[in-house]
Protein chains: 2
Amino acid sequence: MPTIKDVASRAGVSVGTVSNVLSGLATVTEDLRTRVEEAIAELDYRPNLIARSLKKRQTNTLGMIISDIVNPFFPEMVRGAEDAAAAAGYILTTFNTDYRVERERQVFELLRSRRVDGLLLVVALIRGDLSHVQRAAAEGLPIVCLDRRPEGLELDSVTVDNTGGVRSCIEHLIERGHRRIAIITGGPGKYLAKNRLQGYLDAMAAAGLPLDPALIRDGDFRRESGLAIAKELLTSANPPTAIFSCNYGLNLGVVQAVEELGLESPRDIALATFDRLKLTEVFRPHVTSVEQPSYEIGAQGTRLLIERIKTPAEGSERVHIQLPTALRIAESSAGRLVAAGS
Amino acid sequence: MPTIKDVASRAGVSVGTVSNVLSGLATVTEDLRTRVEEAIAELDYRPNLIARSLKKRQTNTLGMIISDIVNPFFPEMVRGAEDAAAAAGYILTTFNTDYRVERERQVFELLRSRRVDGLLLVVALIRGDLSHVQRAAAEGLPIVCLDRRPEGLELDSVTVDNTGGVRSCIEHLIERGHRRIAIITGGPGKYLAKNRLQGYLDAMAAAGLPLDPALIRDGDFRRESGLAIAKELLTSANPPTAIFSCNYGLNLGVVQAVEELGLESPRDIALATFDRLKLTEVFRPHVTSVEQPSYEIGAQGTRLLIERIKTPAEGSERVHIQLPTALRIAESSAGRLVAAGS
DNA sequence: TTGTATGCGTTATCAG
DNA sequence: CTGATAACGCATACAA
């Protein structure tokens, strides 16, 4: 592979001059510039970005740590990040943690050794031992948290209005005449689960509806728990008229339960869920959903990060961007035909 | 950030010694080794992988060029690649081309400037101007093609048995009593489209069934064309009893058409498609599908690539791995209740 | 305006 | 077995 030296000698100039035409900054004679450019073309020269990084102490590389690219929530987010990164001259290297903190810690080490300029982070854990991120941030590595905000850490973040999203959806169900609305959560102690449940509580309270503990059920964000809980709910003595799932995994289980019990939505039960999946929309039932702007989370997070790289945050003034969700009303949340019971 | 020099002076040894304990290779006295390790811990030293890359002329980085991570076919493939890369001490940087060759060319330049050790490539185009990949390969950059094989290029590849996958599915439909089986392809001149159509032709020929040109329709792999073509097929004078879609995008359109016409599968029409999407399986209709081992494509491609990096291919002996598909039979391909017509 | 020299943080070669 | 030193390819003062 030709180096800058080869270009220089072929063009009959010094390496300094070649470097100058490469960076385009310095004023260099038209004559020399064309000679250098010819040499570059003839040699098929490509500047060695590794050497450049070493010298300039910047890699133009962003690290991105997510849970699992196979989880359909992430591809759009990654794409948003990648597009924003590319637009600013950065590249992205992505890592999956499968929600395991020890893996997150490994990746942190690796990324810091590779001297990434900044980090996009979807934390594996909201609380617990976050010392690796704390230390990295303290040592000056720009970090932007996506989707979830770890507790007790001063970091910029881009999240979604989980509470408001659920609230608007529950309000919609109430408006359609539902009073016995069940919610399946992601389980206690989880960031997303807590915030989403709050939206339910808010909406119910605002409508003056009583809370039935039997209708507020803890799942674990996975299909299996949605299936089991939905079956319990639907076969109980006093079943709900609507079920809200706190993420799409749970919703899959609920949909499955409805079919396995020989029921149909919206005829027998109204359904709604957090997360929108365009791919399933042509199938039945057509489920009402709360869509989050995944692409924007990635894109805006990346733009924020790059801004921080260029001008580091002073003191503890951090920015927290919270993006709105959108309610996608579909057939599954049709209203009750008769007046609601007690 | 501390450097190897800082570690050396703190441990009272030379940089050479520190380098030796880092690489673990050279024999170094137990005494010195512990002193160095202590210094490393105390300074929280992390070797600068950029500098190491410059010196060793290897980045331990693999480039991966795909069409679009948002296309549900890719996340599993990327995940497979990432896992295999991580297991071998490499990291992956991913790029989307949106099927645009000019973008592919840009990414090639970038990746070569960054001195990636190898490339995982899902080509944007099967034929046409592939000079950038040809040149890169000729200059010694290890490249493994995934999913599609570009024409006239000597490159290792990992693909799927597209023809066999479709054939087995059509055979299944025939076995269920279907004779008028329609196929919606990805359009003429495309690699995947051609191979998949061949499976249909093979199965029909083997069963001695006549080919009806009206049932072999060119789509473009997207939902809209699936919708339009399916509507035509279903409302024609002599409609098919089964429709096979050559990818999942087309299938989405077909499913939509069936519902919009007030029909139901399998009651009124049998359905089957290439590509399996686990997420849609709980919804109705439950569509029979040909599943490809996406994760394995990525994983095996990566392992092959790393092998090539370590021991480059001699001459033109290239390896082409072709992975089998799996037929996932679901409700939508139920048999005909009455004997099939002519 | 252009050329020269130094250093970025490592690894590797070679004396000692 | 350990230490000094020369690259790796580039950017950047600084000198000419």
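Hi everyone. Let's begin with the layout of chain A, which is split into domain 1 (4–47), domain 2 (59–161 + 294–324) and domain 3 (162–292 + 327–333). Please keep in mind that this is a predicted model. Taken over C-alpha atoms, the centres of domain 1 and domain 2 of chain A lie 38 Å apart.

Now to the DNA. There are 27 residues around DNA strand C, and those that come nearest are G16(A), T29(A), I4(B), N48(B) and A51(B). Two or more residues each come from α2 (15–23) and α4 (49–56) of chain A, and from α1 (4–11), α2 (15–23) and α4 (49–56) of chain B. By type, this surface near DNA strand C has 12 nonpolar, 10 polar and 5 charged residues.

Next, have a look at helix α5 of chain B, residues 74–87. Just after α5(B), G89(B) has a positive phi of about 85°.

Last stop: G199(B), which sits in helix α9 (residues 191–206) of chain B. G199(B) counts as buried because it has 26 C-beta neighbours inside 10 Å. Beyond its neighbours within four places in sequence, G199(B) is in contact with residues including N162(B), G165(B) and I170(B). G128(B), by comparison, is 71 residues from G199(B) in sequence and 25 Å from it in space, C-alpha to C-alpha.

Key. Residues numbered from 1 in each chain as written. Chains lettered and ligands numbered in written order. Predicted model: local features only at pLDDT ≥ 70, side-chain atom pairs only at ≥ 80, totals over all residues. Helix = DSSP H or I, 4+ residues; strand = E, 2+ residues; numbered from the N terminus. Near = placed C-beta within 6 Å. Nonpolar A, V, L, I, M, F, W, Y, C, P; charged D, E, K, R; others polar. Domains from an automatic or database assignment. Buried ≥ 20, exposed ≤ 12 C-beta atoms within 10 Å, placed from the backbone. Contact = placed C-beta atoms within 7 Å.
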